[in-house]
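Subject: A structure for you to look at

Hi there,

Here is the structure I promised to pass on to you. Have it open while you read, and my notes on what turned up are just below.

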Amino acid sequence: MTNSPPLSVSPLENDPVNDLSSPLPMKRRLFSIGMTTLAFVLAAIALLPLGAVLVEILKQGLPNLRWEVLVSLPAPIGMEDVSNGFGNAIVGTFIMVGLAALFSVPVGMLAAIFLSEFGQKAAVTETIRFIVTVLSGVPSIVVGVFAYGVIVFTTKQFSAIAGSFALAVVMLPIIVLSTEEALKLVPTNQRLASSALGANRLQTTLRVVVTSALPGITTGILLAIARAAGETAPLLFTALFSQNWPDPLPGGLFSPMPSMSVLIYNYANSPFVEQNQMAWTASLVLVGLVLLTSILSRLVTRQRSTSR
Amino acid sequence: MTAGTPEDLQNTSSLDLTSTEDEGLWLDVAFTWLVRLFAFCTIAIMVWMTVVIFQQAFPAIQEFGIGFLWSQEWDVGALLFGALPYIYGTLATSTIALLIAIPIGLSVALVTSENFLPPWVRSPIAFLVELIAAIPSVIIGLWGIFVLIPFLLPITLWLHNTLGWIPLFSTEPFGPGLLPAGVILAIMILPTMAAISREVLIAVPGELRSASGALGATRWETIFRVILPAGLSGTLGAATLALGRALGETMAVTMVIGNSPLISISLLDPASSIPSLLANQFAEALDDLHIGALMYLALILFVLTLVVNIIAVLMVRFLSPNLRES
């Protein structure tokens, strides 16, 4: 037999280990307090950048925010009496994001419907879901390079079409994943009830499932749009930039197009102070649009998911 | 309002439950194929992307071979291209970013998932941290140029003056460089790190907490010995996913890294990353070999992020199945 440690025979009241009424040893208490403080300090540091960025955007961008800034073209440097602004970039952003949504929203929604309603647990579904998740992690600059190779390289021309194509590829996985989440939240009982009433899968899917998931789907689409509106990297060498208003003719889509994000990038690196200030004002407008969309959509989803 | 006679019922084909000739059925079949088609569309895009980037990079792959990876030369005029400075810059900035973002992200996850604070304070904090992800990268970069770099400059100067004997701080800082780029990256990947770790920690069953508490462990002993080990694969997955984001982040890094094609061990020196080089040179690349070299870099970045993301997804999905189901 091996030597087992002797059992404690001392009475409980004399044993410091078993004295349940004594406070924790100093070391353990200090460790707890120290870790709590550390965790709170680090969490506070995490909130710092958001506040600093927002305060700076308001401080630098607000003084220059006037109506004429939103509706005029960028003025050449040094011309004081010309109205200066970035109206063309706002229009360009809306055009390109709109075009991208036109492609990615239907494709993304239908793909998500397949994943949640038709694919069930088949290996194909798992593969597609996996690829969509991986696609959402592809850096947007690589998506830009892809759009360059597909469109700019073949047409030998930087164009709005190439920019929208890149944005559409960026948006697609966001829309698929969020739509699938929204569809999954619809209770199976509703599908069964609809089938029991004699509806086929098309009717069940479109009239019952999609209808009741519509708020969730919409917030997903809004998030994707907000993300695309702020994308810069894939636009730098696909849509490029232009100092003029976007061409209203359909052919205008095959020429370079300005966007707010590229304007901010160009102006941030500019040596001229007035262009730097314009970059802050453009940031204010862009952040206003993007944050409003994300906050609204996230609040709606949050309420829905907590009420269930 | 009168009920149909049995004869009426016989005549209405819509009540024939065995019918397969209804036009609704055709629509149904067509719709099934339509959604299947669009689902395969996503796979097609992924394959297409791989093919296009590989194809465009092919001239450069033929010209420089695998040696491209460790060649340091980048001379557009002489058409000599090497990837090492950019690979180094990408990995160095991502490492700095992870070193900062992992402890902070975990703290946020702990503070917002454990019961330190009442629930009505917890979720707004988590929400605010996630909001950073919604701010466009180019705007974080603008803030980096005009706020973060001037703020970091005295700190980095002090680091150089007092710790200059360490090679990492051996050069005089002048503003843009690896360190500011790493800090910016840390800010940008923090939401990913915090949100996913939080989800993982919330999924740790409450019984484990109670059991640990019943054995006499304090809150932090429970966290270190029970909760973090239970959520380990998930938090590692979160860190890997954050790494994937950091490797590909472009605008903010491009604006503060200094864009120098030289390798320097000092964190205070300007550098370059693969995305920042692509952002800087792609629009002006004219020569086929230059475009090819940039495409080759994009391919390296693509493969790198693909591998990292696949590992991350697998880690979060498969290594913690017991947490996922509960």
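Helix 5 of chain B is the biggest contributor to the lining of the second largest cavity, giving four residues. Please keep in mind that this is a predicted model. Helix 6 of chain B also supplies at least two residues there. If you want to find the spot, look for residues including B:Ile149, B:Leu152, B:Leu153 and B:Thr156. Also on the list are B:Pro173, B:Pro176 and B:Pro180, along with B:Leu267 and B:Leu268. The volume of this second largest cavity is about 60 Å³. Its lining counts nine nonpolar and three polar residues, with no charged ones.

How many cavities of 30 Å³ or more does a search of the whole structure find? The search gives four. In general, such empty space shows up when a probe the size of a water molecule is rolled over the atoms.

Next, the largest cavity, which holds about 80 Å³ of space. Its lining is made of A:Leu135, A:Ser136, A:Val138, A:Ser140, A:Val143, A:Val169, A:Val170, A:Pro173, A:Ile174 and A:Arg227. Helix 4 (123-136), helix 5 (140-155) and helix 6 (160-184) of chain A are the elements that each give two or more of these residues. Helix 6 of chain A gives the most, with four residues. Sorted by class, the lining of the largest cavity has seven nonpolar residues, two polar ones and one charged.

Two or more lining residues come from each of helix 1 (26-61) of chain A and, in chain B, helix 3 (84-113), helix 5 (137-163) and helix 6 (178-203). There are 21 lining residues, and those nearest the centre of the pocket are A:Ile45, A:Leu48, B:Leu148, B:Val183 and B:Ile187. Helix 5 of chain B has the largest share of this lining, with seven residues. Of the lining residues, 20 are nonpolar and one is polar, while none is charged.

Now for the place where the two chains meet. Chain A brings 84 residues to the contact, and chain B brings 81. The size of an interface is often given as the accessible area lost when the parts come together. Between chain A and chain B the buried area is about 7,300 Å², and carbon and sulfur atoms give 81% of that area.

You will find eight residue pairs in polar contact between the two chains, counting pairs with both residues at pLDDT 80 or more. Helix 1 of chain A gives the most to the side of chain A that touches chain B, namely 19 residues. That side of chain A divides into 62 nonpolar, 15 polar and seven charged residues.

Which residues form a salt bridge with their closest N and O atoms 2.8 Å apart? They are A:Arg28 and B:Glu221. Why does the pair of A:Arg28 and B:Glu221 join two chains? A:Arg28 lies in helix 1 of chain A and B:Glu221 lies in helix 8 (residues 219-230) of chain B, so the pair links one chain to the other.

Enjoy exploring, and do write back with any questions.

Best wishes

Notes: Residues numbered from 1 in each chain as written. Chains lettered and ligands numbered in written order. Predicted model: local features only at pLDDT ≥ 70, side-chain atom pairs only at ≥ 80, totals over all residues. Heavy atoms only, no water. 1 Å grid on protein atoms, 1.4 Å probe; cavity = no way out; pocket = protein on both sides within 12 Å on 5 of 7 lines; lining within 4 Å. Nonpolar A, V, L, I, M, F, W, Y, C, P; charged D, E, K, R; others polar. Contact = heavy atoms within 4.5 Å. Buried area = accessible area lost by both parts, 1.4 Å probe. Salt bridge = Lys/Arg side-chain N within 4 Å of Asp/Glu carboxyl O. Polar contact = N/O pair within 3.5 Å; in protein donor to acceptor, adjacent residues only side chain to side chain. Points joined across faces, edges and corners; volume = space filled by probe spheres on them.
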